[in-house]
Amino acid sequence: MIGRREVMTGGAAAGVLLLASGARGADVSTPVGAALADYIVDGRTAPLPDAVRELARLHILDTIVSAMACRDLEPSRLARSFARTQGTGASTILGSSERTSLSEAAFAGAMSANAAEINDFIPSAFVHPGPAVLAVALAVAQQNGASGERVLRAIVTGYELAGRLPKALGLAQLASAGMSSHAIGSLFGSAAAAASLLDLVPDQIGHMFAYCAEEAAGSMQWLLDVEHIEKSYVFAGRGARAGLNAALMAKAGWRGTRGALDAPGGWMRSAPFDAGDAAGRRATLVAGLGTRFELSGGAFKRYPVGGPTQPAIAGMLALLPKIDRTAVASVRIEMPGRADAFRDAQMPALNLRYTSALVLLDGRLDFVHVQSRERFLNDVAVHTLMDRIEVIHDPAQEPKVGEPREESARVTITQTNGSRKEIFVPRVLGYPSHPMTRLDVEQKAVALLSPRPPALVVEIVDRAGHPDRLTRADLLLAIASH
């Protein structure tokens, strides 16, 4: 969907159409910011394919349940406590009944929904858009009385920019600059969702982009975090607050650099983002707007662990009925990617030896114990098993050039009597190539909400899973407070 402005100005339209074709060597000075601004405006009323609408419903359900499940985890508690000290107001923090100012509610709600390894993500962009985008959308919707339909459309728009911006900047370029794609995605996604609900016009959205560029931050240092606090801030909290504020500033009349995403010397056309095939990457910002949706490339986590370790956990759970858990001599896990990072991670939910040991000891993967740093550090039985678990890189499982990464794992469990059981998991349920159905997402939600009364769980799943039925979106915040 090419924006109205490009249709009205022949030269710009030709340039944007050239970029939309994906042609290499396109002029990097061709405007893309205007097309994105018009896309945000058009997204309020443009027809939505049924499949995209259904995906948006499921991602909203998944994110609301994530915030509720993570309510008592430390990143969530710290965020809510901090938010209350920073402002007062009538805005409800997602996943709780606590209230604070608009920006702080968005910040704390985003942190809460990303407080564990359980929320959604876009594998191709290395972003986790749900927590920040939904927390911002619901905070704005509560303030202006927006409907569930408006929120659903804002979510589609937010995911679009959250997924497109990191790829347009270049994942390698971001890494070389020490910047996190997760932070960039949540920032622009949150701003776009807010702009949709605040009814910003294209000129205001252009100014909003300028302040998003100034707020762009988030280092790869989160990889060293062991408690998921800084990670939640980088992945969700900071982007939610900064993106919302950029939209509010533009709404209030703040002006910034014209053509912030296009101007020579501007943020997006400075080093290192202008290196390599900058024109080809910029093409991803406008290619197929309104017809190809980032939501279609979204993924759900079936288990509360890191994305790349999902197949290994699926394999461990599948082998449980075939082994004697009390007589495990060794476990060998072969996987693509950075096997060493997940072998030695100091964050419990990312450490594959720890999570595999939990499966063997408990006969399941418990959400609370996966996050437990206390058990990770001090459980002797866990450490005894961890010493028997080997995690190694398998080059044969790496995707071929040009193929998307789906993640896979081969798990081999050897018993003390010498018998062996092996399973290869080519992909895990939840990735775009092997998506979850509505039933799968609802079953995950029920499992995470299980301590609550069954009738309440049914109500939560029904309301959160069909947000576009609601005349007021703040009913989602109310149901999430239980």
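Strands E3 and E5 run antiparallel and are joined by 6 bridges. Strands here are DSSP runs of E with at least two residues, helices are DSSP runs of H or I with at least four, and both are numbered from the N terminus. Two strands count as paired if DSSP finds at least two bridges between them. The model is a predicted one: local features need pLDDT of at least 70, side-chain atom pairs count only at pLDDT 80 or more, and totals for chains, interfaces and linings use all residues. Residues are numbered from 1 along each chain as its sequence is written, and side-chain values use heavy atoms, with hydrogens and water left out.

The protein chain has an average pLDDT of 92, and 94% of the residues score at least 70. This score is the predictor's confidence in each residue, on a scale from 0 to 100. Residues 1-29 have a pLDDT below 50, yet this stretch has 49 contacts in the model beyond near neighbours in sequence. A contact means heavy atoms within 4.5 Å. Where pLDDT is low, the predicted coordinates should not be read in detail.

The sheet is open and holds 4 strands in the order E4-E3-E5-E6, with mixed pairing. Strands E4 (389-393) and E6 (420-425) stand at the edges. Each has a single partner strand, so one side of each is left without a neighbour in the sheet. Neighbouring strands are turned against each other by 15 degrees on average, direction ignored. Axes for this angle are lines fitted to C-alpha atoms, for helices over the stretch in contact; angles between N-to-C directions run from 0 to 180 degrees.

Strand E3 (residues 328-335) pairs with E4 in the parallel sense over 5 bridges. Within this pairing, Glu390 of E4 is the bridge partner of Arg332. On the E5 side, Val328 stands opposite Gln415. E5 pairs with E6 in the antiparallel sense over 6 bridges. Arg410 has Phe424 of E6 as its bridge partner. E5 and E6 form a hairpin with 4 residues between them. In the turn, Gly418 has a positive phi of about 95 degrees. E5 is mostly covered, with 6 of its 7 residues buried. Buried means under 20% relative accessible area, exposed over 50%, and partly exposed in between (1.4 Å probe, protein chains only).

Asp394 lies in the loop between E4 and strand E5 (409-415). With 12% relative accessibility, Asp394 counts as buried. Its side chain makes a polar contact with the side chain of Gln397 at 2.9 Å. Such a contact is a pair of N or O atoms within 3.5 Å; within protein, one must be able to donate a hydrogen and the other to accept it, and residues adjacent in sequence count only if both atoms are side-chain atoms. Asp394 also touches Glu334, Met335, Pro336 and Arg410, not counting residues up to four places away in sequence.

Helix H16 (residues 352-362) is mostly covered: 9 of its 11 residues are buried. Among them are Tyr354, Leu358 and Val359. Asn351 caps the N-terminal end of H16, with a side-chain oxygen 3.0 Å from the backbone nitrogen of Arg353. Gly363 follows H16 and has a positive phi, near 75 degrees.

Gly265 lies in the loop between helix H12 (229-251) and helix H13 (278-286). Gly265 is exposed, with a relative accessible area of 69%.
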